[in-house]
Amino acid sequence: MEYLTVALPKGKLFKISADLLAKADIYAEGLTEKSRKLVITNEEKKVNFIVAKTADVPTYVEYGAADIGIIGKDVLAETEKDVYELMDLGFGKCHLMMAVPGDKRREKLTDWAHTRVATKFPHIAEKFFNRHGMQMEYIKMNGSIELGPIVGLSESIVDIVETGTTLKENNLTEIARIMDASARLIVNRASFKLKFDRIDKLTRDLRKILEREGTP
């Protein structure tokens, strides 16, 4: 049996993903988010794990360094990598939205055209605003997106929201919902053909687990 290499993202999706895969008999001793080993292997099960930065998971899968991976739909849509999206795993739910300072709301969405928007997701944001015929200036940020309007870097933000607490704490109001997101199982196109039986079995096993136990 050939090895199956799995890319998992560091952060909030890691433990849920690892626990779910373990229920489908895909696991390795010492698999932790903070492991110093770059590749963690279970020789008996013929499984390798790569623990990667979130944005890198689709890249590992696209180029075949990993056969499969688990990643949020938001990252998948932003990176636009050439991979198969096999299934929606249902956890890690959030949505992408546009938010502005609560005291600076404008009548229509298009009233924000030709302003600056701070975001981790410039490609998703550009597609969204293009659909509305809006030209924007995009400022790529990697953290604390909410700071953009507070310090005058931007007039608005495009970011992911789970509970909305951080928006409220920073006096930001959501004015447009862009897309819903959750964790997805993705696969390398060549691996899907070459290791079809194993990947298909894993997919079916995961579906049964989720149907039986519900979303983690």
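Contact here means heavy atoms within 4.5 Å, and helices (H or I, at least four residues) and strands (E, at least two) are DSSP runs, numbered from the N terminus. The model is predicted, so local features need pLDDT of at least 70 and side-chain atom pairs count only at pLDDT 80 or more, while totals for chains, interfaces and linings use all residues. Residues are numbered from 1 along each chain as its sequence is written, and side-chain values use heavy atoms, with hydrogens and water left out.

In helix α4, the residues P122, I124, A125, F128 and F129 are buried, where buried means under 20% relative accessible area, exposed over 50%, and partly exposed in between (1.4 Å probe, protein chains only). They cover an arc of only 160 degrees around the axis, which puts them on the same side of α4; the arc is that of the directions from the helix axis to the C-beta atoms. The elements against which these buried residues of α4 pack include the following.

| Element | Residues |
|---|---|
| α3 | 73–79 |
| β6 | 94–101 |
| β7 | 116–119 |
| β10 | 172–181 |

After α4 comes G133, whose phi is positive, near 65 degrees.

F192, found in helix α7 (residues 189–194), is partly exposed, with a relative accessible area of 22%. Leaving aside neighbours within four places in sequence, F192 is in contact with Y84, L86, V187 and I199. Between F192 and K73 there are 119 residues in sequence and 19 Å in space, C-alpha to C-alpha.
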